Amino acid sequence: MRVLYESTLAPLAAQLAAMGFETAPLDEGGAADAVLFQTGAHAAMRARPGANGALLLNARGMNAAQAAGAIRRRRQEPIL
């Protein structure tokens, strides 16, 4: 799965890459299966979705396991 990420989430993206996800900065563009953001929802919404759409994931406060789980499920649930 290709995951684009907001620059502030580079450490999280590196952990996701180590888990097997293909990651790239949001500025790089291209089609994505998921877009991680924490402050730039507007920029995230401009990302081009992949063939099956794209999950916009507010990753604020998430660790890599939580983000990976949400991406794999293709949905986000409240943390609390």
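## Close-up views of a predicted model

**View 1. Arg74 follows helix 3.** The phi of Arg74 is positive, near 60 degrees. This is a predicted model, so local features need pLDDT of at least 70, side-chain atom pairs count only at pLDDT 80 or more, and totals for chains, interfaces and linings use all residues. Residues are numbered from 1 along each chain as its sequence is written, and side-chain values use heavy atoms, with hydrogens and water left out. Helices (H or I, at least four residues) and strands (E, at least two) are DSSP runs, numbered from the N terminus. Arg74 sits in the segment after helix 3. Arg74 counts as partly exposed because its relative accessibility is 33%. The scale is relative accessible area: buried is under 20%, exposed is over 50%, and partly exposed is in between (1.4 Å probe, protein chains only). Beyond its neighbours within four places in sequence, Arg74 is in contact with Asp33, Asn52, Gly53, Ala54 and Leu55. Contact means heavy atoms within 4.5 Å. Take Ala54: 20 residues separate it from Arg74 in sequence, yet their C-alpha atoms are 8.2 Å apart.

**View 2. Helix 3 covers residues 64–73.** Its start is capped by Asn63. A side-chain oxygen of Asn63 lies 3.1 Å from the backbone nitrogen of Ala65. Ala64, Ala67, Ala68, Gly69, Ala70 and Ile71 are buried in this helix. What do the buried residues of helix 3 pack against? They meet strand 1 (2–5), helix 1 (10–18), strand 4 (34–37) and strand 6 (55–58).

View 3. Strand 1 and strand 2 pair in the parallel sense over four bridges. Two strands count as paired if DSSP finds at least two bridges between them. Leu4 stands opposite Ala24 in strand 2.

**View 4. Arg2 lies in strand 1.** Is Arg2 buried or exposed? Arg2 counts as buried because its relative accessible area is 15%. Its side chain makes a polar contact of 3.1 Å with the side chain of Glu28. A polar contact is a pair of N or O atoms within 3.5 Å; within protein, one must be able to donate a hydrogen and the other to accept it, and residues adjacent in sequence count only if both atoms are side-chain atoms. A polar side-chain atom of Arg2 also lies 2.9 Å from the backbone oxygen of Ala31. Beyond four places in sequence, the contacts of Arg2 include Glu22, Ala24 and Asp33.

**View 5. The largest nonpolar core has 18 residues.** A nonpolar core is a set of buried Ala, Val, Leu, Ile, Met, Phe, Trp, Tyr and Cys residues joined through side-chain atoms within 4.5 Å. Leu12, Leu16, Leu36, Leu57 and Ile71 touch the most other members. Helix 3 gives the most to this core, with five residues. A second, separate core has eight residues, including Ala24, Ala32, Val35 and Ala44.
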